[in-house]
Amino acid sequence: MDAFWIALTFTVSQALVLGIWPNARLLSLIGIHLLILVPLGVAMIVVTGLHRVRLNAYQMRSAGQTAAVAMALGLIGAVMAILPESQITPAGCVLFSSSFLILSVGSRQVLRDIVLAVYRHGKTRKRVLIYGAGQTGQQLAAALATDDAVEPVCFVDDNPTLQSLTLSGLTVYAPVQVPDLIVQKRIDRVVIAMPSVSQPVQARIARSLREMGCEVLSLPSFADLIEIGDTARSVPQMQMASLLGRNRLEKELPGVSDTYHGRRILVTGAGGSIGSEICRQLLTCNPQSLVLLDHSELALYAIDKELSDLRSPVPIVPVLGSIGERSLMRHILKQYKIDVVLHAAAYKHVPMVECNMVEGLRNNVIGTRILADEAKRAGVARFTLISSDKAVRPTSAMGCSKRLAELIVQDLATRSPNTVFSMVRFGNVLGSSGSVVPLFQDQIARGGPVTVTHPEVTRYFMTIPEAVRLVLLAGSIAQGGDVLVLDMGAPVAIRDVARRMIEGAGLSVRDQDTPNGDIEITYSGLRPGEKLHEELLISPDMITTPHPKIMRAQESHLSELEMANVMKDLRRIIESRDDKAARALLDRWIEGRSPTGPRLNLSNE
């Protein structure tokens, strides 16, 4: 095609300058020049490799090579024009050079658009908004410009000098326009392309985008991809409504700023998935101080650094230690004059606690008793225990430990005139450490299989922001001894979560109906202590709360004397590390256990 453009543009250019129609006479004047220029032009194109550049890879560098060939041909033509008895003109050679450049580059662009249109015909491209119009964002837009599966739609950047400009063919908008852009431009995914911005800032941007229902990815710089092998980091979230089986409720739950404003707050388990999100949300309530407690040095360091990087005026105090240390709990509550305790510290992984039953009981039960006792002794205004749906008719040691922790709080609530004790009970939290979502994501990334324990297993699910909003809300509406439960809709089958995540990754499930699918779902069997279906309530009796999505459960509890006997026996079991005795104690006092001895029925049935 380039050879044709050389012959055509040289002929037409000379015809225009000489004032001769393209005919036999013109060809006799320029024929020898064509015989020289066309082979030379083809030779230069072959040397530069332009004939091997694919259409979708023809960018500015290739256009520059075409320009160099055009200039060289123009110069050769001009040299021939000044030779004696030459019939062509230098002006015609200048016109020839520029017109060849235009037609050569333009024809490739047209052909590329035609080829891309053919490839994209009938396909639904994922529409992407690029957050960050700097170097990385522009490189990403250029890389995606010819992709037949992904379509970059626009940029968003907080730099006012870039807003309203067009970069790499895309318009740059301000961040305040994001909600409208997502709706108007039907955005499917947002990519944060700001590798130079700190992680806390990226996390804050990602969190606000997730609340709009977006799937969010964070992209490192392309230099980092080469130098340290980094990859695009998922900032957490799939289409939550699909995985939850219902609409998310963060916006339906009322604000709680007034309850925590100006208060001195202690968060235990502050480095965990729930505890760290509690800390983030509490900072927006402007408490007087925020004390972070965790026994994991690494987890405590991470959340302390993240919160400190936010430059909040709220004093943040990291404390390394365990809730099982009575002297430390007494010191913290007295030293920092704590008003509110949000108790998220616990061993929560069902199989792990099942293998380490006594240690799980020591941490989850004795630790809760020590902290609650010291909170009551210090006159703390509010104490909120974060519990689990696994505490309802539990079959696992972890669930039993959480139910015993609930019974401790219920017991103290009946004889504590100064401290309001309450509990919050919810199901599995999407994206928390050890939950199925990050596990499935890793398995999908490795090419499968995705492992589900049982084809019929179901769970209640909620997002981390929903769970934390409920925890904070409990502290504002609790009246003492309350068990607050979020209306989480219907339970979701785990196999459906696995299928949706595989399909959400653009892959297909391999099964009997689709043997050529990408990833298989396998079943490993229920692990010790696991149930097919979790419950949120022990008794069906409910009391309404100021909010229709939150229920207050009416559940019986142990008397003070019975609770004292339980704690006495439990301390003896922990001293002896007797798993058999621990199981017998749980069978006796916890509703829902398979009894091996006398068991107290605590339900209202």
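## Basis of the description

Buried here means a relative accessible area under 20%, exposed means over 50%, and partly exposed lies in between, computed with a 1.4 Å probe on protein chains only. The model is predicted, with local features requiring pLDDT of at least 70 and side-chain atom pairs counting only at pLDDT 80 or more, while totals for chains, interfaces and linings use all residues. Residues are numbered from 1 along each chain as its sequence is written, and side-chain values use heavy atoms, leaving out hydrogens and water.

## Aromatic pairs

Across the whole structure, a search finds three aromatic pairs, where rings of Phe, Tyr and Trp (its six-membered ring) pair if their centres lie within 6.5 Å, with planes under 30 degrees apart called stacked, over 60 edge-to-face and the rest tilted. One of them joins Phe10 and Phe96 in an edge-to-face arrangement, at 5.3 Å centre to centre and 90° between the planes. Phe10 belongs to helix H1 (residues 2-18) and Phe96 to helix H4 (residues 90-120), so that this pair links distant parts of the chain, 86 residues apart; helices (H or I, at least four residues) and strands (E, at least two) are DSSP runs numbered from the N terminus. Both Phe10 and Phe96 are buried.

A tilted pair is formed by Phe383 and Phe421, with 5.2 Å centre to centre and 45° between the planes. Because Phe383 lies in strand S12 (residues 382-386) and Phe421 in strand S13 (residues 420-425), the pair ties together parts 38 residues apart in sequence. Phe383 is buried at a relative accessible area of 0%, and Phe421 is likewise buried at 0%.

## Cysteines

The structure holds zero disulfides, a disulfide being a pair of cysteine sulfur atoms within 2.5 Å. Cys279 is buried, with a relative accessible area of 0%, whereas Cys355 counts as exposed at 63% relative accessibility.
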